[in-house]
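My notes follow in the order I took them.

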Amino acid sequence: MADSTAADAHGHVEDGPRPGGHSTREALLFGGVYGSVLASSMVAALTRYGASTPATRRYDALWLLVTALASALAHGYAHYIAERTPHRRWDGLRALRNEWPLVAAVVPTVFLLAGAGWGWWPAKGVEYPAFTLNIVILFTLGLTTARQAARPWPAAVLMGLGDALLGLIVVVANALIK
């Protein structure tokens, strides 16, 4: 079956298969969902003991960013070694570069935590806006991806709600564990 997507001037395919067999849209959805759930989970874990000083929020922001980078590296490396094909010189770096949506998805939460650490807003209770933000990101990712795939609006809204449910599960689990 021939791929109907066109390459740009540099030979990059916009929505066609990428290394690992995923399209750009799939990679954005996967990385965005994974990163948003990771961000919510990390915020829940890092605020478990109630420490909410500006210094702890800066520490939380740094740990979230480090965890996202480590996750992206691990995921990219796993894709690289799982493809049992000969590799060219820079394929490993391309596999890592393709994980940018995961890291990008945690940046808003890093910003919220860092802002609380820098005194832009209260450090206490910043996890609740972070949870809300990530649920909204999950809903938006599901909705826009479904619409781009030409799904009707009701189906797209259900897809968005399904993605948002992942974030809500983290929030509920956080409340139950505390």
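**Entry 1: overall fold.** I am working from a predicted model. I counted the elements of the protein chain and found six helices and zero strands. Read from the N terminus, the order is α-α-α-α-α-α. The chain has 178 residues, and I get 37% of them as buried. I then looked up the contacts with a separation of 6 or more, and residues 24 or more positions apart account for 64% of these. The accessible surface comes to about 10600 Å². Carbon and sulfur atoms hold 69% of that surface.

**Entry 2: the H1 and H4 pair.** How do H1 and H4 pack, and at what angle? I took H1 as residues 24-46 and H4 as residues 100-117, and the angle between them is about 35°. Their axes are 6 Å apart. The crossing of H1 past H4 is right-handed. On the H1 side, I list Ala27, Leu28, Gly31, Gly32, Tyr34, Gly35, Ser36, Leu38, Ala39 and Val43 in the contact. On the H4 side, I list Trp100, Pro101, Leu102, Ala105, Val106, Thr109 and Leu113. Sorted by class, the contact of H1 with H4 has twelve nonpolar residues, five polar ones and no charged ones.

**Entry 3: the UniProt record.** I checked the unreviewed UniProt entry for "transmembrane region", and it lists residues 27-49, 61-82, 102-121, 128-150 and 156-177. Residues 27-49 are 87% helix and 0% strand, with end C-alpha atoms 34 Å apart. Residues 156-177 are 100% helix and 0% strand, and there the end C-alpha atoms lie 32 Å apart.

**Entry 4: Ser40 and Leu46.** I picked two residues of H1, Ser40 and Leu46. Is Ser40 buried or exposed? Ser40 has a relative accessible area of 1%, so I note Ser40 as buried. Leaving out residues up to four places away in sequence, I find Ser40 touching Phe131, Asn134 and Val170. Leu46 has a relative accessibility of 25% and therefore goes down as partly exposed. With neighbours within four places set aside, Leu46 is in contact with Asp60 and Trp63. I also looked up Leu46 against Tyr59: the two are 13 residues apart in sequence, and 9.2 Å separates their C-alpha atoms.

**Entry 5: Ser52.** Where does Ser52 lie? I place Ser52 in the loop between H1 and H2, with H2 covering 54-82. Once residues up to four places away in sequence are left out, Ser52 touches Arg57, Ala123 and Lys124.

**Entry 6: Ala150.** I found Ala150 in the loop between H5 (127-148) and H6 (153-177). Ala150 is not a glycine, yet I read a positive phi of about 65° for Ala150. I noted this because most residues other than glycine have a negative phi. Why does Ala150 count as exposed? The relative accessible area of Ala150 is 68%, and the cut-off for exposed is over 50%.

Definitions and conventions: Residues numbered from 1 in each chain as written. Predicted model: local features only at pLDDT ≥ 70, side-chain atom pairs only at ≥ 80, totals over all residues. Heavy atoms only, no water. Helix = DSSP H or I, 4+ residues; strand = E, 2+ residues; numbered from the N terminus. Buried < 20%, exposed > 50% of the residue type's maximum accessible area, 1.4 Å probe, protein only. Contact = heavy atoms within 4.5 Å. Areas by Shrake-Rupley, 256 points an atom, 1.4 Å probe, with all protein chains shown as cover. Axes fitted to C-alpha atoms, helices over the stretch in contact; angles between N-to-C directions. Left-handed = near helix turned anticlockwise from the far one by under 90°. Nonpolar A, V, L, I, M, F, W, Y, C, P; charged D, E, K, R; others polar. UniProt positions renumbered as here; feature names shortened; annotations may be inferred.
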